[in-house]
Amino acid sequence: FFTQVPRIPPDAIFDLTKKFLGDPDPRKVNLGQGTYKDENGAPWILPVVKAAKDKTQDANHEYLPILGLATFRKLATELVLGKDASAIALQRVASSQALSGTGALHLAGEMLFRALGGEAPVYITKPTWSNHRQVFATIGFEVHDFKWYDDNTGQIDFESITNTLRNAPPRSIFVFHASAHNPSGCDPSEEQWRSIARIVQERGLFPLFDAAYLGITSGDYDRDAFAIRHFINECGLQAAVCSSFAKNMGLYGERIGLVTFVTQSSDEAMAVESTLEQITRGEISNPPAFGARIVSAVLEDESLRAEWARNLSTMSTRIADMRKDLFNALIKLHAPGDWRRVVEQRGMFCILGLSLEQVLHLREKYHIYMADTSRISIAGLNPSNVWYTAEAITKTVQD
Ligand code: PMP
């Protein structure tokens, strides 16, 4: 039965975590997978999540509706688009709970494949999150990539972005990172987002926002949602938003996310929602309840929302501080190279610009684990390992 099944190599980033966990060296540093760790290098259960869990203790274990928990969908949609979004008032929004950000991308892709007959290509940035191509190619889309970031300058390549948008066929789907581009940490300025939105509108393209880092990028959720709200609320564009509560609430394993489609009319929104419902019924029947209850408990309570804002600020401030500490250490150690990108880029990740040989050397000699591309997750740094890491990088670059 299985003679034709190829053996697929393990996913690179999950495999890296496995190698890190199996390394007995006490100096080991994990800068691979993008999960937030506290100043002791331990996973952080957000205080707001602890409080929300207490509130959900009495919940039963019945099935949720196919589209997910209604309060979660309502509150999370208002969170992403802004409570006053006219698309919500005009009932032009369709939403469904999803299996975290990845599940939301998958549902959005399935929906768009049905809507566009698979004719429209999907454009993803280069570089991008390692799963984007797979998510859309598995559905059947033709996936193209376009240069987002220039490794030589450590900056976004705005000309490449606008040229790609201008030359893509109408109805093409563009996957934008709403904030904290993974892996480059390079986001367009507000002015650049405005220009991108103008071209998207002129050319009749479809924007799909991958929103995995809202709130944890700057510590201010509304600020991080700027691009989404500009496209949808100010420009009146149709769009999809795939949001995740993995990073911004630390709910990685709960797989809680939301897909939101903004359409032209309430009739279209109802049709899209009914299609999302059918897709989910065929795939997982209905989504898991636990994460949805936690997120709802946070969003429906003003004092918990305020606590969440404080927790977001704790995470984003610690990440920003670690960027500064790493940068200062590299400068103090006279590490050869231009390290400004470490402090200029945003969010959890930074591409150091090392060769594969250097990355492997860091792994073997110093037990410092980072993606082969030399992307590091800043959240893996803390006051006890940042100097050691900077020294190891310096020695490796000097060799
Ligand atoms: N999009 C991007 C850009 C990401 O970095 C991630 C997580 N690393 C995801 C989506 C998906 O995250 P999850 O499915 O865990 O919510």
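Domain bounds here come from an automatic or database domain assignment. On that basis the protein chain has domain 1 (12-45 + 313-398) and domain 2 (65-300). This is a predicted model: local features need pLDDT of at least 70, side-chain atom pairs count only at pLDDT 80 or more, and totals for chains, interfaces and linings use all residues. Residues are numbered from 1 along each chain as its sequence is written.

**Domains**
- The centres of domain 1 and domain 2, taken over C-alpha atoms, are 28 Å apart.
- Their contact draws 24 residues from domain 1 and 19 residues from domain 2; two residues are in contact if their C-beta atoms, placed from the backbone, lie within 7 Å.
- On the side of domain 1 that touches domain 2, α1 (12-22), α13 (302-332), α14 (340-344) and β11 (349-351) each supply at least two residues. Helices (H or I, at least four residues) and strands (E, at least two) are DSSP runs, numbered from the N terminus.
- α13 gives the most to that side, with 4 residues.
- By class, that side of domain 1 has 10 nonpolar, 9 polar and 5 charged residues. Ala, Val, Leu, Ile, Met, Phe, Trp, Tyr, Cys and Pro count as nonpolar, Asp, Glu, Lys and Arg as charged, and the others, Gly among them, as polar.

**Helix packing**
- Helix α5 (residues 100-116) packs on helix α6 (residues 132-139) at an angle of about 35 degrees, with axes 9 Å apart. Axes are lines fitted to C-alpha atoms, for helices over the stretch in contact, and angles run from 0 to 180 degrees between N-to-C directions.
- Thr102, Leu105, His106, Gly109, Glu110 and Phe113 of α5 meet Val135, Phe136 and Ile139 of α6.
- This contact of α5 with α6 has 5 nonpolar, 3 polar and 1 charged residues.

**Ligand shell**
- Around the ligand lie Gly34, Ser100, Gly101, Thr102, Trp129, His177, Asn182, Asp210, Ala212, Ser244, Ala246 and Gly257. The criterion is a C-beta atom, placed from the backbone, within 6 Å of the molecule.
- α5 gives the most to this shell, with 3 residues.
- The shell divides into 3 nonpolar, 8 polar and 1 charged residues.

**Backbone features**
- Lys126 and Pro127 are joined by a cis peptide bond, with omega about 0 degrees. Pro127 lies in the loop between β3 (122-126) and α6.
- A cis peptide bond also joins Asn182 and Pro183, with omega about 20 degrees. Pro183 sits in the loop between β7 (173-177) and α8 (190-203).
- Arg171, in the loop between α7 (158-167) and β7, has a positive phi near 75 degrees although Arg171 is not glycine.
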